[in-house]
Amino acid sequence: MSVNGIGNYSYGSNYIGMSRAAQMRNRQKPTMGNLGSTQTSNITLHYTGENGDKALTAVGFPDGTSASVYKADNYNDADPEYRVRHWDKSGDYTDTNVRINDVDPENASYLEMLAYATYSDVQGYTSDAFGNFMSAAGGVNGDITYDEDSINVKKNFMNMVKEFMQMQYDNNNLAGYLSFKKFYDYMADGRN
């Protein structure tokens with residue numbers, strides 16, 4: 001691991017077509033090109049909703065689909081709810097309303113965790129839960145990807161964050177470890 005990478009998290013437009021670990025491996029092989037994918041995909045990130053509401057976060061997937069997180073129309077601080085809009089390849093979308101207090105990070109879908117991580121950053125409980133979630137969701141080997149068939153599958157994302165946090169510690173990336181630990185502790189405390 002390079003010392004240059006400590007504390008330097010750059011998640012660009014939040015495109016998750018290739019994990020950070022895979023990107024780092026490809027940077028080490030500049031003459032080989034992008035080894036992470038032989039396909040290209042057209043992804044449209046949606047930052048403004050139909051009503052003019054602004055997305056809090058947005059991601060694109062390798063299969064050409066995308067998702068954006070918005071506050072739900074009936075948002076209430078006492079029982080916060082976010083709306084995750086997922087666009088398929090043809091541009092049609094479905095909405096999933098996520099009640100933040102009901103999300104169980106040990107048994108949640110990718111879309112639920114997008115809302116959960118976004119909420120924790122927006123509320124100031126964490127400072128990069130969204131980026132940490134995106135990294136951890138790719139797995140410590142960077143070999144897990146998501147598409148419209150897997151975004152609603154329930155997984156133990158808390159364990160994935162813990163594994164990624166431990167990897168940061170084992171590689172002496174203390175800034176990365178502390179960032180993941182803050183998100184992990186937020187999930188463990190159940191402070192939604």
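In this predicted model, helix α5 is followed by Gly190, whose phi is positive, near 70°. The 16 residues of α5 should span 22 Å at 1.5 Å a residue, and the distance between its end C-alpha atoms, 22 Å, agrees with this. Buried positions in α5 are Gly176, Tyr177, Ser179, Phe180, Phe183, Tyr184, Tyr186 and Met187. These buried residues pack against α2 (110-122), α3 (129-137) and α4. Phi of Asn172 is near 60°, a positive value in a residue other than glycine, and the residue is exposed, with a relative accessible area of 60%.

Helix α3 is largely enclosed by the rest of the structure, because nine of its nine residues are buried. Among them are Phe130, Asn132, Phe133 and Met134. The packing partners of the buried α3 residues are β1 (57-60), α2, α4 and α5. Gly139, with a positive phi near 85°, follows α3.

The largest nonpolar core has 39 residues, and those with the most contacts inside it are Tyr110, Met113, Leu114, Phe133, Phe157, Phe183 and Met187. Two or more residues each are given to this core by β2 (66-71), β3 (81-87), α2, α3, α4 and α5. Helix α2 supplies the largest share, eight residues. With neighbours within four places in sequence left aside, Phe183 is in contact with Met113, Tyr116, Ala117, Ser120, Thr126, Ala129, Asn132, Phe133 and Val161.

Seven salt bridges are found in a search of the whole structure. In one of these, Arg83 pairs with Asp53, and the closest N and O atoms are 2.6 Å apart. Arg83 belongs to strand β3 and Asp53 to the loop between α1 (20-27) and β1, so the pair ties together parts that are 30 residues apart in sequence. Both Arg83 and Asp53 are buried. Arg83 also forms a salt bridge with Asp73 (3.9 Å, N to O). Asp73 is in the loop between β2 and β3, so its pairing with Arg83, in strand β3, ties together parts ten residues apart in sequence. Asp73 is exposed, at a relative accessible area of 66%, whereas Arg83 is buried, at 7%.

How values were computed:
Residues are numbered from 1 along each chain as its sequence is written. This is a predicted model: local features need pLDDT of at least 70, side-chain atom pairs count only at pLDDT 80 or more; totals for chains, interfaces and linings use all residues. Side-chain values use heavy atoms; hydrogens and water are left out. Buried means under 20% relative accessible area, exposed over 50%, partly exposed in between (1.4 Å probe, protein chains only). Helices (H or I, at least four residues) and strands (E, at least two) are DSSP runs, numbered from the N terminus. The expected span of a helix is 1.5 Å times one less than its number of residues. Contact means heavy atoms within 4.5 Å. A nonpolar core is a set of buried Ala, Val, Leu, Ile, Met, Phe, Trp, Tyr and Cys residues joined through side-chain atoms within 4.5 Å. A salt bridge is a side-chain nitrogen of Lys or Arg within 4 Å of a carboxyl oxygen of Asp or Glu.
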